[in-house]
Amino acid sequence: MSEKIEVENVNVPGHTSRVDKTKYDAMRQSLLAALPKRAPGLTHKQILEAITPKLPQDLWPGGAKAGWWSKTVQLDLEAKGLIVRDPDAKPMCWHRA
């Protein structure tokens, strides 16, 4: 059985879920490396384009389920205040806090 980590969701305060720690840690590292330090940041599509080729193939063969994992980690990091959503950007963009 794989080790789990608890994640938050900025859109549902107080709600947590448990996910695979190895995948979470790998996606977290990739996501933070891809995001710029300043606004306007990257859209979700740009984030996926930046991180998918660099993800470990043993965890995400061919990028399978990378979209779900990137969104899960993005929502958690946003809830923890490590990344920021630009409220004025259309489409939505994120950057490191």
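Okay, some housekeeping. Residues are numbered from 1 along each chain as its sequence is written, and side-chain values use heavy atoms, with hydrogens and water left out. Since the model is predicted, local features need pLDDT of at least 70 and side-chain atom pairs count only at pLDDT 80 or more, while totals for chains, interfaces and linings use all residues.

Let's start with α1, residues 21-34. Helices here are DSSP runs of H or I with at least four residues, strands are E runs of at least two, and both are numbered from the N terminus. α1 has 14 residues and reaches 20 Å from its first C-alpha to its last, close to the 20 Å expected at 1.5 Å a residue. That expected span is 1.5 Å times one less than the number of residues.

So which residues of α1 are buried? They are Tyr24, Ala26, Met27, Ser30 and Leu31. Buried means under 20% relative accessible area, exposed means over 50%, and partly exposed is in between, using a 1.4 Å probe and protein chains only. Looking down the axis of α1, its buried residues fall within an arc of 170°, so they line one face of the helix. The arc is taken from the directions from the helix axis to the C-beta atoms. On the face turned away from that buried side, you'll find the exposed residues Gln29 and Ala33. The cover over the buried residues of α1 includes β1 (4-8), β2 (16-20), α2 (44-51) and α3.

Now, α3, residues 66-79. Ten of its 14 residues are buried, so α3 is largely enclosed by the rest of the structure. Among them are Trp69, Val73 and Leu77. The buried residues of α3 pack against β1, β2, α1, α2, β3 (83-85) and β4 (94-96). After α3 comes glycine 81, with a positive phi near 80°.

How do the two helices meet? In general, two packed helices are described by the angle between their axes and the distance between the axes. Here the axes of α1 and α3 come within 9 Å and cross at roughly 75°. Axes are lines fitted to C-alpha atoms, for helices over the stretch in contact, and angles run from 0 to 180 degrees between N-to-C directions. α1 and α3 are therefore roughly perpendicular to each other; the classes are under 35 degrees for roughly parallel, over 145 for roughly antiparallel, 65 to 115 for roughly perpendicular, and oblique for the rest.

On the α1 side, the residues that meet α3 include Tyr24, Met27 and Leu31, and their partners in α3 include Trp69, Val73 and Asp76. Contact means heavy atoms within 4.5 Å.

Let me zoom in on aspartate 76, which is found in α3. Is aspartate 76 buried or exposed? It's buried, with a relative accessible area of 0%. Leaving out residues up to four places away in sequence, aspartate 76 touches Val7, Glu8 and Tyr24.

Compare glycine 67, which also lies in α3. Glycine 67 is partly exposed, with a relative accessible area of 27%.

Last stop: histidine 95, in strand β4. Histidine 95 counts as buried, at 12% relative accessibility.
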